[in-house]
Every structure is written in C-alpha cells, then in structure tokens.
Amino acid sequence: MTTESRTAKGAGRTRRDVLKAGAAGVAGTAALSAGFPSIARAADTVRIGYVSPKTGPLAAFAEADEFNVSSVLDAVGGKVQSGGKSLDVEIIVKDSQSNPNRAAEVASELILSDEVHLLCAANTPETTNPVADQAEINEVPCVTTLCPWQPYFFGRGGDPATGFQWTYHYFWGLEDVIAVFLNLWGKLETNKVVGGLFPNDGDGNAWGHPELGFPKPLAGAGYTLIDPGRYQNLSDDFSAQISEFKDAGAEIVTGVVLPPDFTTFWTQAAQQGFRPKAATVGKALLFPVSVEALGDAGHNLSSEIWWSPSHPFTSSITGQSCGELAAAFTAATGKQWSQPVGYGHSLLEVALDVVSRAEDIGDTEAMLASIVATDIATVAGPVSWGAGPVKNVAKMPLVGGQWRRTPEGPFAYDLTITSNETAPNIPTNAGMEAIA
Amino acid sequence: MEWLDAIIQGILLGGLYALFATGLSLIFGVMRLVNIAHGDLIVLAAFLGLAMVNGTGVHPLLSLIVTVPVMAAIGYALQRGILNLTLGRDILPPLLVTFGLSIIIQNVLLEVFSADTQRLKAGALETASIAIGDQIAIGWFPLIVFLAALGVIAGLQLMLFRTRLGMAFRATSDDHRTAGLMGIDNRHVFALAMALALGVVALAGTFMAIRTNFSPAIGPARLLYAFEAVIIGGLGSLWGTLAGGVILGVAQAIGAKFHPGGQILAGHVAFLIVLVLRPNGLFPRTRDR
C-alpha cells in the first residue's frame, strides 16, 4: 500500500520533447551511463523528495500536504530559476505509513532510484529522523521540520560538538515549551501544584526527564510537579492518576498526551469531580478536531502554538499572510486550519529557496552550501541556520494560547494566543482565562 | 477506599472489553474462525454511527437502531460471500483473508473519513456520575456500558440454550458434518453467527466512540484486549468472556495503582498467568479435537 504521487506542473513532457532530449543526449551521454533511468530525465528538472505520514496513526499531520504541494507549484508555475536557468520542479511525495522503517525505505528509494536533488521530510520524529539518517548515510542534502529539535538531534545520536554534515532541521525545542507553559500558568491564580501526564514514549520520556525535561524548571519556578510515572499510550483508564492529582490538590494539569488518551482522561476527570483551573498539554490539543471531540469540555484548554492565522509572517512564494494561507486551506479542503498547514508550506518555501540559490543543483556540495547559507522569511517565521542551539538546528518562535468556543462559527473552536512573552512580535488575541 | 475505587472502575472497564470480545468469542465458538479484522470492524461500526449522527443529528445511542442491523447485514454478507469460502481443514486461509480485510477496512475508512480523530458526542451523559461517599464516583456512561454487556451476554446465552437457532449453533459447533447430515445448512448458520457477532460489534463500536476518540488506524489496538478477554474466559464461553473482560479491567486498574506504567502490563500479566495455569481458559466450553 504505497502511496506515491508525482506532481510536476509544467513538466508534462510531450513526445516531441522526449525525442529532442533523446537526440541531444544520445551522442554525448549514452555511452557514459547507458541503462540508468536518469538518462531519460530532462536535465533541467529539479527533483525534490518529500516524505510524510499520509496514512496510519500520524496521518492527521499530513492532511495539508496535498494542498501545500499543489498550491505552491501553482504559484510558481511549476518552474524555479536557478543558476541562470529556468528549471521544472518535480516534487515526489512518498508515504511513510507512520512507520519509521517505512520512512527510511522510501527515503532510500527517493535517493537511489528517483535521484532527488534535495530530500525533505516533516511531521514527528518517526518521520524526520529515519529520513535524515538515510540522507546522512547517502550524503544527500536534507531539510526537515515539525519535530522538536531535541528528539531530532539527540534522538539520532547527534553530538553537539560536531553535529551532522548533510541534514538540517528547523523547529522549536523543549525549553521553549516549558517557558511558554510557565508563562501561561503565571497569568492565573493557582496553588502551583501541577499534575503531569507523561506517557512511556519518546516525547513523554523527554518531557518528564528529571534533568532535561519539565521537573527542574518547574521546581525552579516554585511549582510542585506530581508525576505518577510513565503510563502506556492508549490506556483506557486514568482513575489512578486522577485520584493522585485529587489527593495532591493539583490545580494545573500538563503533559504530552495522545488525543484519545486525553479524551479518556478529561472525561473520567469530569466523572470523578476533578476540575483543574488549567490544563496545558502538548500533542492532544494540536488539531481542532480533537478539541471538538471533547464537546463543551474543550473550552479554555491550553497548549503551545507554533503557527496560527494571526502570526505576522508572509509566504515568500505566494505573498499570502498567515491568515490568507489558513483561509485558502479552508476554502480548498473545507477543513479548519491546523498548525501543520503553515509549517508544511514553509518547508516548500525553504526547499525552493535552497534550489534557487544553488550554483549547480546536480552538485550535492553546492546544494549543501545553499542550505547552510539559507536566510529566508517564511510563513512560519524566519529560517536561518547558524544561531541555533546546535549547528544543524534553527529555532522557530513559539507562543501559547487557549482553545475558545466560537458560537458564531464557522468552526466550533478557535485557538487564541494568550501568551507571547517568548516571541513578542506575535500579537496576543486575548487574556488567559481559568477553566470555569 | 482508593483500592475499592480502582476495582470498581476496573470492573466497569471490563464491561467494555467484554463487549469488544463477545463477537470474537461467538464466531470462534461456532466456526473456529479467528477474525483478525475484528478491531477494524469495531472502528467501522463507530464510523457508521458517526455518519448517522452527523447526517441526522440523532443521539449516538439512538443511532444503534440503524447501525446494529446494518452491521449484522454486513456480517451475513461477509460470511456468505467471502469467509465461508476460506473455512476448511487449514486454519491459515481465514487468518490471511481477515488480515487483508483489516488493511482494506483501515484504508477505505482513511479515504472516506480522512485521518481526523473523531468522537460521538453524547452530551451530559459523557461526564454524569453518581457520587458514593466523597471518594468514589461511578460514571453513568461506564455503568450503562457494563449493564449493556451483561444484557447482551445474558441474551446470547438464552438464545444459545433456549432457541432452535441456538441449538443449530451448538450442533454446528460440536460437529458441523453431522449437523449437516441432520439438515442444517452450515453456510447459513455460520453467516447468522457472523451477523449476530457484528450486531454486538456495532454496540461495542458505538460505546467505544462515545468513550474516547477514534480514527481509522486504531482498530488493531482494540483487537488485542478482545483476544485476551476471550482466552482468559475460555474459548466459546460467553460468561467466561465477560469474566475475562472484568479480570483484564481490574488487573489494569490495580496495576495502575502501583504504577501507571504497570497498567497495561498488569492486564497482559494476568492474561499470561491464566494461560499458564489454565491453558484452555477459565471456563472453556469448546475443545478442539
């Protein structure tokens, strides 16, 4: 069940083009690389590989991919200027099936049989890490996003002193989430007792890590963290955690929870009469549909925000503001905007920018030099490597906010930015409110 | 008191597991078919309920009036059209076919309903509870699920031992060749068993969808608990399946009291202990010859 789609606007080759290219190529190169599929390809096409979880449990992240790829290709007319030539753009999207092994497999297919000039991947460590690892081994330039930088960098065994050679990443990190959450809670009157829900997975272990995760900074800011311990994902019962939080008098709940688990927890908490003043969790509240699934109980739940329609950035390709991009996504798909829409678009911005500045797209060193020199204002914010915490990571702005019911529509909930101390250039929409 | 609370919550959760498992237990009992697509059929039923609720605006529990017969019809057609052809001496073909079915259902659901996580909203019923003292609260919804499991199993048990259809089921289960000689049409009986099983699946799917979020890929995770409940209870025994579900639920709740990481592990350990001590489960009714 491989899902593969090739999108190449303006790259539709007619029989005549192929004959012409063939005639020109026969004399010069046929003898050199006879039998390789690349011989049939026009030399003036740049191929960008894109790995994303289009099916499986992570598929919600990839919902904006199709929209982003087609709207970006439309906007540039399927062409990009590079090295004084006009190149056809071919974006080859491959499905990771939400499986790291499959992600590695399709990444190596993209490298070895599609011979892409640039490899891109997005959406969670399960996608970015195996793809980046394949790129590193095969010495192919690679740009990834939408995965906190610690799981990306340390999860791949990165050494901060040397870093990686071929693979670059932009997103925010754990330290940003912690700062945002503390800012959100600082706006409320609470007893500073926090219940933590950390699952036994990559994210949960990182967030709950005694040294690198939440415990230390929270203690430093005067909060008491009640951490009952790592639970397994897709648990059907949270009464043990709820009674421990109740006993400790927790007024805040935090964690990094899968959407179905948070629904189970939040429903049981209501049944058991546990009603904290704030619930600020990662992952579960990312998508509007999972907040809608909570019915009325989703009001004023809070989470980190990395992209929203009110972010003050514009696309370098379409010139759209964040609000316009979100509206275009809704118009095209009928769905409410979600945060991956902006980052998916920005990844293509970075990719096309890298291609356009490269001296020779066929030369991997030149492509790499072009990535390193990136300095572009994208719809997700400015991206440039060099000032990051490690060589291969560029940090992006992060703020925090709450889901509020929107009775006047068009969707049941909207995400409201209520804390911007970490990125003051992103305006807040309203003040922080306690859960009633 | 806290321990009592954990045990009560565990028992109620066991009701849901028993509902997951009943259909599996029934079809295994009657035709020795292991249905790998069972979890995905639960999710399919949940999506049918969702389509009903979104289309007509009825309460999710009312949507059962439609989803139960529809799933039963799907079950009959599925057994008659596909699964009957795979039954035989070899146990491998039905396993492979239902495994393929599982993948097909997941991908069709993904194509039709997208990867969005969904939920059936039951309004105030979701969070309503009865307080017993200040330590214990019993949610109305988990209680309804448990009572429904009791009702379904009692009903099926009555059907199996008090009706001609039940007699046909038991006869086919004991020896389908001789049953055939007595004029029982095995293909029809198998299809009816699958129809009944999927009727229960519709109930389980709807309850699961009210309890928490679901998405097309979540089926296999539900299959595991269903299998464990069936094995703990003993193959082919419906009351045993209920006991299996409750043991699983209580083991998880008690495990979580010790450490949240032990929750799911405790369920699996309880399953293993039963398997070691009583390889045929606690109350086995069918024995393979």
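Residues are numbered from 1 along each chain as its sequence is written, while chains are lettered from A and ligands numbered from 1 in the order in which they are written. Because this is a predicted model, local features need pLDDT of at least 70 and side-chain atom pairs count only at pLDDT 80 or more, whereas totals for chains, interfaces and linings use all residues.

Confidence comes first. The pLDDT is the predictor's confidence in each residue, from 0 to 100. Chain A averages 89, with 90% of the residues scoring at least 70. In residues 9-13 of chain A the pLDDT is below 50, and this stretch has 14 contacts in the model beyond near neighbours in sequence; two residues are in contact if their C-beta atoms, placed from the backbone, lie within 7 Å. Residues 21-40 of chain A are also below 50, with seven contacts beyond near neighbours in sequence. Where pLDDT is low, the predicted coordinates should not be read in detail. For chain B the mean pLDDT is 91, and 99% of its residues reach 70 or more. For the complex, the predictor gives an ipTM of 0.84 and a pTM of 0.84.

Chain A is assigned domain 1 (4-10 + 45-172 + 311-395) and domain 2 (175-305 + 399-419); such bounds come from an automatic or database domain assignment. The C-alpha centres of the two domains lie 30 Å apart. Their contact takes nine residues from domain 1 of chain A and seven residues from domain 2 of chain A. On the domain 1 side, the residues divide into four nonpolar, five polar and no charged. In this division Ala, Val, Leu, Ile, Met, Phe, Trp, Tyr, Cys and Pro count as nonpolar, Asp, Glu, Lys and Arg as charged, and the others, Gly among them, as polar.

Next come the cores. A nonpolar core is a set of buried Ala, Val, Leu, Ile, Met, Phe, Trp, Tyr and Cys residues joined through C-beta atoms within 7 Å. A residue is buried if 20 or more other C-beta atoms lie within 10 Å of its own, exposed if 12 or fewer, and partly exposed in between, with C-beta atoms placed from the backbone. The largest core has 131 residues, of which Leu119(A), Cys120(A) and Ala351(A) touch the most other members. Helix 13 (residues 339-357) of chain A supplies the largest share, nine residues; helices (H or I, at least four residues) and strands (E, at least two) are DSSP runs, numbered from the N terminus. Both domain 1 and domain 2 of chain A give residues to this core, so it lies between them. Apart from neighbours within four places in sequence, Ala351(A) is in contact with Ile48(A), Leu118(A), Cys120(A) and Val143(A). A second, separate core of 95 residues includes Ala240(A), Leu24(B), Leu26(B) and Ala226(B).

Gln97(A), in the loop between strand 4 (85-95) and helix 3 (100-112) of chain A, has a positive phi near 55°. Gln97(A) counts as buried because 22 C-beta neighbours lie inside 10 Å. Leu234(A), in the loop between strand 9 (224-226) and helix 9 (239-248) of chain A, has a positive phi near 60°. With 18 C-beta neighbours inside 10 Å, Leu234(A) counts as partly exposed.

In chain B, helix 3 (residues 60-86) has a kink of about 45° centred on Gln79(B); the bend at a residue is the angle between axes fitted to the seven residues ending there and the seven starting there. The buried residues of helix 3 of chain B include Leu64(B), Met71(B), Leu78(B) and Gln79(B). The buried residues of this helix pack against helix 2 (38-56), helix 4 and helix 8 (186-211) of chain B.
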